[in-house]
Amino acid sequence: MFSNIVFGNNEENSLLKSCHFGEFEKARNELKFITNPKLKAQLETYINIVQFGDFKDINLEQIALDTMDNSTRAILKINKALKYYLQEGNETKAYQLLKESLNISESSKNKTLICLSSRLILELYSRSLFTINDISYQYIIDNYLKYANEDFDKKSAYLYDFKITMRYFYKDSAQVLAKKYKKVNALYANDSLNYNTAKLYLSNSGYHNRITKNIDSSFYYIYKAKAFFSKNQGYFTTEKHIATKINLASLLFIQKKYKQSLNVLNEITFNSDDYIFKILNSYVNLYKFQNYKALGDDINALTYQNKALTQQLLQNQTKNLQVVSEYETKYETEKKQRKNVELTAQIETEKREKRNLWLGSAMLLMFGITTAYLTHKNTKKKQLIAEKEKELETQKLATILKEQELTTIDAMIEGQEKERQRIANDLHDDLGGLMATVKLHFNALKDKQTPELYNKTNELIDEAYHKIRTVAHAKNSGLIAKQGLLKAVHEMADKISVSNKITIDIIDHGLENRLENSLELTLFRIIQELITNVIKHANATEVTLHITNHVDSLNLMVEDNGKGFNPSQITIKSRGMGISSIDKRVEHLNGTMTIESATNQGTTIIIDIPI
């Protein structure tokens, strides 16, 4: 039968490739060219699964496998495996069916189905919590590469190798994982944004978050993946879109941007109660609990903690019931087989009855043990909730103390600004006026003194007068209130560039509208301190200041071509007043500051502030 139908020709291969990249309309058009009705029916079911998660056409009991060719049998087993895993979370059954599909494909030397079965087994490995056998895992990778007749299959093999290595990181060294990361990214370097590249970006984000601890790179790749998965292109794309949002929320939580993390989580909706979406929903509730806990919202924190724990308990119950169901199925199968065997002697009948009784007792005992275990575990969970409530009260007190500390800092900054205003007024109004009067009196002595002495003394008085005006204007915070942050920074840069033999370039974006006045004032003081540090310590000739408004955050970046330094040598004790002042101001604004520098290679300081 298989000799008459060669699966893996251009039509079938193109159809499965179209499904892989979410081109479902194209796949349905290619379905018209399949002549075998049973194969066509199973391929249509496969399209419905990967596009809509639709399992209604899969009848697990009434399809006769002996009337099918090998290709149709392999696709049927794949469809059954997807149903068992995606709907019920039965990893063991799904793995068994995928292995059967792979064996059928290998016996027929069907490259297309070997690749599809291998890819789905590796996908299950990358998701599963059961222990992976090293030999089996390596065999699937090697076999996949051996039969891969499409470039995207070869790349997929290396992508899964990287993903699975990272998940089971204890099996390989950091150097091995880094090599796999470089290899797979090099393979996809010239590819446009598609399902495979988006999955790679999602894995890259996890790699930098967990392994390199580079949070900026993790954000960079999560947003690249989000750009693709935000388009609703099928069942698996929807799943990945939700997973991407959950990962983004976790990164925002790491940065202590709790409200932004909650906003992302609140955007997530679930239109299916399949097993994989239940798992994702439990993660959503877990991160909501952590964010509300960090914000000091005890009621919501406890609510979502209970939801997460309840979902976890139900999932554990499902797993245990699956184990019981498997034993019951085996028991029923054996029972039916025994009924078909002719009873040759009464002794054999008695033995079978005793065996049945033993099996039944064993099943009841196992069920009782499982129930007792789950009940005990639920009791432990309740005790944990009570302990967490106590911990939340302690954290609430710490939050109140933190708010008092921030109020003190606000008062300190307000006092500093008033003192600067007073000094500026005194310098300008009192000392400046006095110097002007001295100059008038001095002019009266012009005819009584020698011209040379007069000219020299007059120049010195002019210089002193202008310096006093410069100090007064530089320290006068009213400049911000009247003209705005951007113009004030430009004027400061122009004055410093002239007087300090240093070129300062200002590059701004998104600052067409004014910010809140107190925020502009604090930002101006931060920029003043940064530029002052460059002038004092960097020996730089060029400075570039980037100011970018991202709607929900403001980014400051100061780059100089000075002598640089080793940031690791800066400690709390060795920090100067400038760095400490900047730290306090940035912390007061709930922002973050990053210093990147190296000897003789200049310095870059990056500040991100939520607005």
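Student: Which element supplies the largest share of the lining of the second largest cavity?
Tutor: This is a predicted model, in which local features need pLDDT of at least 70 and side-chain atom pairs count only at pLDDT 80 or more, while totals for chains, interfaces and linings use all residues. Residues are numbered from 1 along each chain as its sequence is written, and side-chain values use heavy atoms, with hydrogens and water left out. A cavity is a set of points on a 1 Å grid over the protein atoms alone where a 1.4 Å probe fits but cannot get out, and lining residues have an atom within 4 Å of a point. With 4 residues, the largest share comes from helix (a DSSP run of H or I, at least four residues) α6.

Student: Which residues line the second largest cavity?
Tutor: About 70 Å³ of space lies in this cavity, a volume being the space filled by probe spheres set on grid points joined across faces, edges and corners. Its lining consists of N13, L16, K17, T112, C115, L116, R119, F152 and D153.

Student: Is L116 buried or exposed?
Tutor: L116 lies in α6, residues 111–127. Buried means under 20% relative accessible area and exposed over 50%, with a 1.4 Å probe and protein chains only. Since its relative accessible area is 2%, L116 is buried.

Student: Which residues does L116 touch?
Tutor: Contact means heavy atoms within 4.5 Å. Not counting residues up to four places away in sequence, L116 touches L16, Y46, I75 and I78.

Student: How many residues does α6 give to the lining of the largest cavity?
Tutor: The largest cavity holds about 440 Å³ of space. V50, L120, E123, Y195 and F236 are the closest to its centre among the 27 lining residues. The largest share comes from α6, with 6 residues.

Conventions. Helices (H or I, at least four residues) and strands (E, at least two) are DSSP runs, numbered from the N terminus. On a 1 Å grid over the protein atoms alone, a cavity is a set of points where a 1.4 Å probe fits but cannot get out, and a pocket is an open set with protein on both sides within 12 Å along at least five of seven lines; lining residues have an atom within 4 Å of a point.
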